[in-house]
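Hi,

Here is the structure I promised to pass on. Have a look at it first, and my notes follow below.

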Amino acid sequence: MQIIHVLDVRTIPPRERHPTIFNLFDGLEPGQAFELVNDHDPKPLFYQFSAERGGHFAWEYLEQGPEVWRVRIGKRG
């Protein structure tokens, strides 16, 4: 999947992070992805994606800490 945007949420207030992430995801075309950068494992976000977007997303860790986590999140067709 083609990464079209890098979203570093470390500077976004915590209450705004998930809405920002889902807004970006919802604007993707099938086959597109973005890279999420965070200061902790975004596993709760994975569970939220699983519950709310089912099989319509792809999740791939690119870096797993201990300081930085990077995840490619893509939209399936």
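Contact here means heavy atoms within 4.5 Å. The helices (H or I, at least four residues) and strands (E, at least two) are DSSP runs, numbered from the N terminus. Buried stands for under 20% relative accessible area and exposed for over 50%, with partly exposed in between (1.4 Å probe, protein chains only).

Before you go further: this is a predicted model, where local features need pLDDT of at least 70 and side-chain atom pairs count only at pLDDT 80 or more, while totals for chains, interfaces and linings use all residues. Numbering runs from 1 along each chain as its sequence is written, and side-chain values use heavy atoms, with hydrogens and water left out.

**The helix itself**

So which residues of H1 are buried? They are Arg 17, Ile 21, Phe 22 and Phe 25. Looking down the axis of H1, you'll find these buried residues within an arc of 110°, so they line one face of the helix. That arc is taken from the directions from the helix axis to the C-beta atoms. Arg 15 and Asn 23, on the other side of H1, are exposed.

**The overall layout**

The protein has two helices and four strands, and along the sequence they follow the pattern β-α-β-α-β-β. Its C-alpha atoms fill a box of roughly 30 × 25 × 20 Å along the principal axes. For 77 residues, a compact globule would have a radius of gyration near 11 Å, and the protein agrees with its 11 Å. The radius is taken over C-alpha atoms, and the globule rule is 2.2 Å times the number of residues to the power 0.38. Buried residues make up 36% of the 77. Of the contacts with a separation of 6 or more, 63% are between residues 24 or more positions apart.

Strand E2 (residues 32–38) is mostly covered, with seven of its seven residues buried. Both faces are involved: Gln 32, Phe 34, Leu 36 and Asn 38 are buried on one side, and Ala 33, Glu 35 and Val 37 on the other.

How does E2 pair with strand E1 (residues 2–8), in the parallel or the antiparallel sense? It is parallel, over six bridges; two strands count as paired if DSSP finds at least two bridges between them. Ile 3 has Ala 33 in E2 as its bridge partner, and His 5 stands opposite Phe 34 in E2. From E1 the chain crosses through helix H1 (residues 14–26) to E2, and this β-α-β crossover is right-handed. Right-handed means that, with the strands pointing away from the viewer, the path from the first strand over the helix to the second runs clockwise.

E2 also pairs with strand E4 (residues 69–75), in the antiparallel sense over six bridges. There, Leu 36 stands opposite Val 71 in E4.

**Two spots in the loops**

Val 9 lies in the loop between E1 and H1, and at 1% relative accessibility Val 9 counts as buried. Leaving aside residues up to four places away in sequence, Val 9 touches Arg 17, Ile 21, Leu 36, Val 37 and Asn 38. The C-alpha atoms of Val 9 and Val 37 are separated by 6.2 Å, although the two are 28 residues apart along the chain.

The other spot is Pro 66, in the loop between E3 and E4. A cis peptide bond joins Gly 65 and Pro 66, with omega about 10°.

Cheers
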